[in-house]
Amino acid sequence: MKKTFFNPETETTGDYTEVWQYEVVPIKDVKDLLVRTHYWQDADGELWLDFNDPNENFRSIFTAYRARKGYLQPQQIKTLRHQLGLSVREFARRLGLSYAKLSQIENNKRIQTLSQEISFRKAQQDYQQQGFLTAYPAPQDPGTLLTQALSARSIENLKPRRQTYMTHELGRTNYFEIGKLSGGMA
């Protein structure tokens with residue numbers, strides 16, 4: 001198919017021929033993903049992304065990647081959220097994601113990470129088994145957890161412990177003590 005487009009990069013209007021081709025593309029941990037891509041070829045033979053939808057090939061790549069990894073597709077995630085009766089903001093909050101990341105995933109502008117996929121699958125499992133999303137406590141900040149752990153230890157536990165060690169060298173047994181320990185919590 002031929003079509004006339006204005007090319008904003010060259011600031012010219014010309015006829016372009018539609019080209020569909022298969023390409024092997026690397027994405028994330030997959031180095032050989034086969035994807036059908038779409039271009040418009042100018043009179044000089046140069047391929048251009050679709051002028052009206054320049055992200056079309058990226059969405060195709062993201063969709064193929066999810067299929068290869070067995071991840072939920074954006075529409076499946078959106079459908080799950082609707083089934084749970086949650087807004088994008090509430091679903092993101094309940095899963096521990098930012099609103100922006102969830103929105104980008106649902107609109108096929110970002111690929112979910114493995115941990116995000118696990119959260120989506122857990123939400124899907126909750127919905128299938130009980131019809132609602134289980135409430136999990138929000139994860140605490142690691143700094144807060146460390147402060148709590150340190151304040152919960154008695155002063156006796158913070159004193160250096162003396163430990164006797166034994167070595168065998170050249171047929172002799174040697175005993176020694178370490179009187180001062182350094183480092184963090186054990």
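A residue is taken as buried when its relative accessible area is under 20%, as exposed when that area is over 50%, and as partly exposed in between. In this predicted model, Thr113 has a relative accessibility of 33% and therefore counts as partly exposed. Thr113 is placed in the loop that runs between helix H4 (99-106) and helix H5 (114-130). Leaving out residues up to four places away in sequence, Thr113 touches Lys28 and Tyr71. The C-alpha atoms of Thr113 and Tyr71 are 9.6 Å apart in space, while the two residues are 42 residues apart in sequence. The side chain of Thr113 is also joined to that of Ser115 by a polar contact of 3.2 Å.

The loop between H4 and H5 also holds Asn108. The phi angle of Asn108 is near 60 degrees, a positive value in a residue other than glycine. Asn108 counts as buried because its relative accessibility is 11%. A positive phi, near 55 degrees, is found for Glu11 as well, again in a residue other than glycine. Glu11 belongs to the loop between strand E1 (2-7) and strand E2 (12-27). With a relative accessibility of 64%, Glu11 counts as exposed. Gly85, which follows H2, has a positive phi near 70 degrees.

Helix H2 was examined by the burial of its residues. Pro74, Ile77, Leu80 and Arg81 are buried in H2. These residues cover an arc of only 125 degrees around the axis, so they are on the same side of H2. Gln75 and His82, on the other side of H2, are exposed. The packing partners of the buried residues of H2 are helix H1 (56-69), H3, H4 and H5.

The nonpolar cores were considered next. The largest nonpolar core is made up of 15 residues, and Ile77, Phe91, Leu102 and Phe120 are those with the most contacts inside it. At least two residues of this core are supplied by each of helix H2 (74-83), helix H3 (88-95), H4 and H5. H3 provides the largest share of this core, 4 residues. Leu102 is in contact with Ile77, Val88, Phe91, Ala92, Leu97 and Phe120, its neighbours within four places in sequence being left aside. Another core, of 11 residues, lies apart from the largest one and includes Val35, Ile61, Ala64 and Tyr65.

Side chains of opposite charge can pair when their charged atoms come close. With a cut-off of 4 Å between a side-chain nitrogen of Lys or Arg and a carboxyl oxygen of Asp or Glu, the count comes to 7 salt bridges. One of them joins Arg81 and Glu106, with the closest N and O atoms 2.7 Å apart. This pair links distant parts of the chain, as Arg81 is in helix H2 and Glu106 is in helix H4, 25 residues apart. Both Arg81 and Glu106 are buried.

A salt bridge is also formed between the side chains of Arg93 and Glu90, at 2.7 Å from N to O. Arg93 and Glu90 are separated by about one helical turn, because they are 3 residues apart in helix H3. Arg93 has a relative accessible area of 54% and is therefore exposed, whereas Glu90, at 25% relative accessibility, counts as partly exposed.

In helix H5, Glu117 and Arg121 are 4 residues apart, about one turn of the helix. Glu117 and Arg121 form a salt bridge in which the closest N and O atoms are 2.7 Å apart. Glu117 counts as buried because its relative accessibility is 4%. Arg121 has a relative accessible area of 33%, so it is partly exposed.

Technical notes:
Residues are numbered from 1 along each chain as its sequence is written. This is a predicted model: local features need pLDDT of at least 70, side-chain atom pairs count only at pLDDT 80 or more; totals for chains, interfaces and linings use all residues. Side-chain values use heavy atoms; hydrogens and water are left out. Buried means under 20% relative accessible area, exposed over 50%, partly exposed in between (1.4 Å probe, protein chains only). Contact means heavy atoms within 4.5 Å. A polar contact is a pair of N or O atoms within 3.5 Å; within protein, one must be able to donate a hydrogen and the other to accept it, and residues adjacent in sequence count only if both atoms are side-chain atoms. A nonpolar core is a set of buried Ala, Val, Leu, Ile, Met, Phe, Trp, Tyr and Cys residues joined through side-chain atoms within 4.5 Å. The arc is that of the directions from the helix axis to the C-beta atoms.
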